Amino acid sequence: MGNDAQPQDTTVSVDFQEVQQTERFKTLRRRHRSFVFPMAAAFLLWYFAYVLLADYAVGFMSIKVMGNINVGLILGLLQFVTTFGITAWYVSYSNRKLDPIAAEIRDEIEGHEFDKDGNVSSRAAR
């Protein structure tokens, strides 16, 4: 119905497990994880702190700051600001530290023709 599987070209084969064992891939994974895991943990702590304050520190969250604006509203809006800030920070980090390595790995995999054993063919790349 239009979703027929394309036959696999047996002359092009990449051993992705072998690629994952390369030092560049390990560096890419390490850099990604060293940003994402601590940032996710920090944001979750910040989020749960907000939820717990809203549930158990109603008096504190109800403190008026200016007019009808209270501490709870400010902290709630800061949740959005934090989300956008982390996203912008990650994009910047990725552009500087992750994308160059990922591009090298991708070019190595996609930029060559491989024989049926996954070795780079002596023929020029397409």
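This is a predicted model: local features need pLDDT of at least 70, side-chain atom pairs count only at pLDDT 80 or more; totals for chains, interfaces and linings use all residues.
Local features were taken only where pLDDT is at least 70 and side-chain atom pairs only at pLDDT 80 or more, whereas totals for chains, interfaces and linings use all residues. Residues are numbered from 1 along each chain as its sequence is written, and side-chain values use heavy atoms, with hydrogens and water left out.

The secondary structure of the chain comes to four helices and two strands, where helices (H or I, at least four residues) and strands (E, at least two) are DSSP runs numbered from the N terminus. Along the sequence these elements follow the pattern α-α-α-β-β-α. Of the 126 residues of the chain, 17% count as buried; buried means under 20% relative accessible area, exposed means over 50%, and partly exposed lies in between (1.4 Å probe, protein chains only).

Helix α2 (residues 23–56) packs with helix α4 (residues 71–110) at an angle of about 175°, and their axes are 10 Å apart. Axes are lines fitted to C-alpha atoms, for helices over the stretch in contact, and angles run from 0 to 180 degrees between N-to-C directions. The two helices α2 and α4 are therefore roughly antiparallel to each other (angles under 35 degrees count as roughly parallel, over 145 as roughly antiparallel, 65 to 115 as roughly perpendicular and the rest as oblique). The contact of α2 with α4 has 20 nonpolar, eight polar and five charged residues. In this classification Ala, Val, Leu, Ile, Met, Phe, Trp, Tyr, Cys and Pro count as nonpolar, Asp, Glu, Lys and Arg as charged, and the others, Gly among them, as polar.

A salt bridge is a side-chain nitrogen of Lys or Arg within 4 Å of a carboxyl oxygen of Asp or Glu, and by this rule the count comes to two. In one, Arg24 is paired with Glu104, with the closest N and O atoms 3.4 Å apart. Arg24 lies in helix α2 and Glu104 in helix α4, so this pair ties together parts that are 80 residues apart in sequence. Arg24 also forms a salt bridge with Glu108 (2.3 Å, N to O), a link between α2 and α4 across 84 residues. Arg24 is partly exposed at 31% relative accessibility, as are Glu104 at 41% and Glu108 at 40%.

A nonpolar patch on the surface is formed by Val65, Met66, Ile69, Leu73, Ile74, Leu77, Leu78, Phe80, Val81 and Phe84, with about 960 Å² of accessible area together. Patches are made of residues with over 30% relative accessible area and no salt bridge; like charges are joined within 9 Å, and nonpolar side chains (Val, Leu, Ile, Met, Phe, Trp, Tyr) within 5 Å. Accessible areas come from the Shrake-Rupley method with a 1.4 Å probe, and for residues only the protein chains shown count as cover. Helix α4 gives the most to the patch, with seven residues. Val81 lies in helix α4 and counts as exposed, at 51% relative accessibility.
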